[in-house]
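Reader: I am new to this structure. Please take a close look at one part, the open sheet, and then follow it out to the pockets.

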Amino acid sequence: MGVYHAGSRAVQDRVGVREQADHVGRSVGRGIRDVAAAFLELQPLLVAGAADPSTGRVWASPLTGAPGFVRATGPHRVSVAGGWLPSDPLATAFATPGTSVGTIALDPRTRRRMRLNGRLGPTARGFAVEADQVFANCPKYLQKRESYEIVADRRSGDPLHGAELTPGQAEFVTAADTFFLASVHEGGADASHRGGNPGFVRVDSPGELSWRDYPGNSMFLTLGNLAADPRAGLLFLDWTTGTALQLTGEAHTEYGEDRRVRFLVREVVETPSAIPLRWSGPEYSPANPVPAG
């Protein structure tokens with residue numbers, strides 16, 4: 001399978017960046033280089049995106065563990081030693097052989113990120129992913145956080161389920177400077193990062209969010225997926241308390257003077273103290289636009 005499918009090509013052509021996309025796409029391969037393997041082993045957080053086989057809904061989920069819980073175990077293979085919540089919406093997907101999954105490892109300390117997409121197979125300790133695509137992204141829109149600590153006595157609370165955002169969850173989203181976006185297409189899945197100054201995600205109603213699509217690497221993997229299949233999942237994290245807010249629904253892109261993605265909420269899962277990580281405060285990326293009032 002090539003780097004791009006018809007959805008990504010359609011967006012690239014609409015924006016007029018096919019040539020740039022072809023250039024950037026040469027950096028995408030299946031191999032996990034030594035520098036990438038070393039990067040993965042340092043990370044306490046991995047975000048995975050996939051469709052739940054039982055419902056078809058797409059989710060983005062946080063997986064955590066001591067550095068080394070994610071490891072390259074072959075030239076095209078990554079192994080993950082558990083790390084997801086027992087009540088995670090993707091728990092069934094992680095146990096289902098052949099599930100298409102997109103992963104992103106993001107290190108706020110260095111503003112580096114790495115994406116690996118492929119198909120997973122359950123293992124005795126968690127799951128492994130046979131890679132179809134491995135690539136790095138630039139540090140644009142990544143907030144820097146100098147350090148983190150593992151809060152050993154933190155225990156996740158009972159998940160709160162809903163069909164739309166509560167007022168408190170809407171405040172959580174509006175205050176966010178980072179979220180993760182899962183998307184799918186016929187041949188696979190992807191997990192990507194979105195960042196900006198607080199307010200860059202707008203809560204238009206309890207059942208609808210939107211955000212401006214900032215200029216990126218011209219690949220349009222995510223918007224291409226959404227053009228082919230509108231199902232999507234969002235993950236917002238509280239970098240201090242560890243609370244995770246997961247949303248699933250459908251998204252589409254509006255093209256105008258500025259591209260804007262509109263997301264319709266179908267289901268919400270909020271898990272207090274979901275992950276045992278406490279990060280230092282952010283240093284906002286100098287690339288972040290100032291959100292419109």
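Author: S5 and S6 pair in the antiparallel sense over 8 bridges. Two strands count as paired if DSSP finds at least two bridges between them. Helices (H or I, at least four residues) and strands (E, at least two) are DSSP runs, numbered from the N terminus.

A word on the source. The model is predicted, so local features need pLDDT of at least 70, side-chain atom pairs count only at pLDDT 80 or more, and totals for chains, interfaces and linings use all residues. Residues are numbered from 1 along each chain as its sequence is written, and side-chain values use heavy atoms, with hydrogens and water left out.

Back to the pair. Leu106 stands opposite Arg113 in S6. The hairpin of S5 and S6 has 4 residues between the strands. There, Arg111 takes a positive phi near 55°.

Now the other partner of S6. S6 and S7 pair in the antiparallel sense over 10 bridges. They form a hairpin with 4 residues between them. Arg119 stands opposite Glu130 in S7.

Step back to the whole sheet. It is open and has 7 strands, in the order S2-S1-S5-S6-S7-S4-S3, with antiparallel pairing. Strand S2 (58–64) and strand S3 (70–74) stand at the edges. Each has a single partner strand, so one side of each is left without a neighbour in the sheet. The twist averages 35° from one strand to the next.

Strand S1 (residues 45–51) and S2 pair in the antiparallel sense over 7 bridges. Ala51 has Val58 as its bridge partner in S2. A helix also packs on the sheet: H3 touches S3, strand S4 (77–80), strand S5 (100–107) and S6. Contact means heavy atoms within 4.5 Å. The direction of H3 makes about 85° with that of S6. Axes are lines fitted to C-alpha atoms, for helices over the stretch in contact, and angles run from 0 to 180 degrees between N-to-C directions.

Next, the pockets. A pocket is an open set of points on a 1 Å grid over the protein atoms alone, where a 1.4 Å probe fits, with protein on both sides within 12 Å along at least five of seven lines; lining residues have an atom within 4 Å of a point.

The second largest pocket holds about 360 Å³ of space. Its lining has 18 residues, and the closest to its centre are Arg33, Val35, Ala36, Phe135 and Ala136. Helix H3 (34–41), S6 and strand S7 (127–137) each give two or more residues to this lining. S7 gives the most, with 4 residues.

The largest pocket holds about 490 Å³. It is lined by 28 residues; Arg194, Tyr214, Pro215, Gly216 and Asn217 are the closest to its centre. Strand S6 (112–122), strand S12 (188–195), strand S14 (208–212) and helix H6 (221–228) each supply at least two lining residues. S12 gives the most, with 4 residues.

H6 itself is mostly covered, with 6 of its 8 residues buried. Buried means under 20% relative accessible area (1.4 Å probe, protein chains only). The buried residues of H6 are Leu221, Thr222, Leu223, Gly224, Asn225 and Leu226.

Key:
Grid points are joined across faces, edges and corners, and a volume is the space filled by probe spheres set on the points. Buried means under 20% relative accessible area, exposed over 50%, partly exposed in between (1.4 Å probe, protein chains only).
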